Structures are given as structure tokens and as C-alpha cells.
Amino acid sequence: MSYQYEVKKQKLFTDEGQRHFLKVRDNVKELLATAGAFRVDKVLSGDSWFCLACVDRLVELGELIELTDEQVAGQDRVFVKGRG
């Protein structure tokens, strides 16, 4: 089974999912403040696919912009701060 955002996204709206999402978001903000960009492997913990869903949600919300294309492995995706 491969990463499927639409499947993992459902968990984002649970209590547990929101708590994890906020931890990922805080970690992302810290990485951006330190370096201005980050690679996803720096925020992966526990359920890696759910962490990817958290990052993809931040993209949807406009808080992140992805610099890499779909040819890059999930853990190597690179992001910068978005407009949000």
C-alpha cells in the first residue's frame, strides 16, 4: 500500500489527529524559522504517512509551498513558507 492523502486526511479531523497535526505544524514552523526550508524527513515520526498528510494539509491551507515535484520520494520533499 502506498501513501494516499485522501485516506489519511480523514484522521486529521479527529481529536487525536488534530493533536498530532498541531505538533507537526509547530515543528514545521520551528524548522522554517531556523532554516527557511525543510525536508519532510525532519518531521516524520510514528505514522510517517499521517505526518505526510499533515504536511499536505498545510499545503492545502497555504501555509507551505512545495519546491519539489512528484518524482521525489515522500521523505525527500522540500517545503518553504507559504502565504498563510
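Which residues does cysteine 54 touch, not counting residues up to four places away in sequence? They are Leu12, His20, Phe21 and Val24, where contact means heavy atoms within 4.5 Å. The model is a predicted one, in which local features need pLDDT of at least 70 and side-chain atom pairs count only at pLDDT 80 or more, while totals for chains, interfaces and linings use all residues. Residues are numbered from 1 along each chain as its sequence is written, and side-chain values use heavy atoms, with hydrogens and water left out.

Cysteine 54 is found in helix H3. Helices here are DSSP runs of H or I with at least four residues, strands are runs of E with at least two, and both are numbered from the N terminus. Cysteine 54 has a relative accessible area of 0%, so it is buried. Buried means under 20% relative accessible area, exposed means over 50%, and partly exposed lies in between, with a 1.4 Å probe and protein chains only. Cysteine 54 and valine 78 are 24 residues apart in sequence. In space, their C-alpha atoms are 14 Å apart.

The largest nonpolar core has 18 residues. Such a core is a set of buried Ala, Val, Leu, Ile, Met, Phe, Trp, Tyr and Cys residues joined through side-chain atoms within 4.5 Å. Val28, Phe38, Val55 and Leu64 have the most contacts inside this core. Three helices each supply at least two of its residues: H1 (5-12), H2 (15-35) and H3 (48-60). H3 gives the most, with 7 residues. Leucine 64 touches Val28, Phe38 and Val55, among others, when residues up to four places away in sequence are not counted. Its other contacts include Leu32, Leu58, Val59, Phe79 and Val80.

The strands form an open sheet. Strands of a sheet pair through backbone hydrogen bonds, either parallel or antiparallel. Here 3 strands stand in the order E1-E3-E2, with antiparallel pairing. Two strands count as paired if DSSP finds at least two bridges between them. Strand E1 (37-39) and strand E2 (64-66) are at the edges. Each has a single partner strand, so one side of each is left without a neighbour in the sheet. From one strand to the next, the twist averages 30°. E2 and strand E3 (residues 78-81) pair in the antiparallel sense over 3 bridges. Leucine 64 has lysine 81 as its bridge partner in E3. Helix H2 lies across E1, E2 and E3. H2 runs at about 125° to E1. Axes are lines fitted to C-alpha atoms, for helices over the stretch in contact, and angles run from 0 to 180 degrees between N-to-C directions.

Charged residues come next. The structure holds 9 salt bridges. A salt bridge is a side-chain nitrogen of Lys or Arg within 4 Å of a carboxyl oxygen of Asp or Glu. Arginine 25 and aspartate 26 meet in one of them, at 3.2 Å from N to O. Arginine 25 counts as partly exposed at 24% relative accessibility. Aspartate 26 is also partly exposed, at 42%. Arginine 39 forms a salt bridge with aspartate 41, with the closest N and O atoms 2.7 Å apart. Partly exposed is the class of arginine 39, at 36%, and of aspartate 41, at 28%.

Another salt bridge joins the side chains of glutamate 66 and arginine 77, at 2.9 Å from N to O. This pair links distant parts of the chain, 11 residues apart. Glutamate 66 is in strand E2, and arginine 77 is in the loop between E2 and E3. Glutamate 66 is partly exposed, with a relative accessible area of 28%. Arginine 77 is buried, at 11%.

Lysine 9 lies in helix H1. Lysine 9 is buried, with a relative accessible area of 17%. Its side chain makes a polar contact of 3.4 Å with that of glutamate 60. Leaving aside neighbours within four places in sequence, lysine 9 is in contact with Ala53, Arg57 and Glu60.

Note on methods. A polar contact is a pair of N or O atoms within 3.5 Å; within protein, one must be able to donate a hydrogen and the other to accept it, and residues adjacent in sequence count only if both atoms are side-chain atoms.
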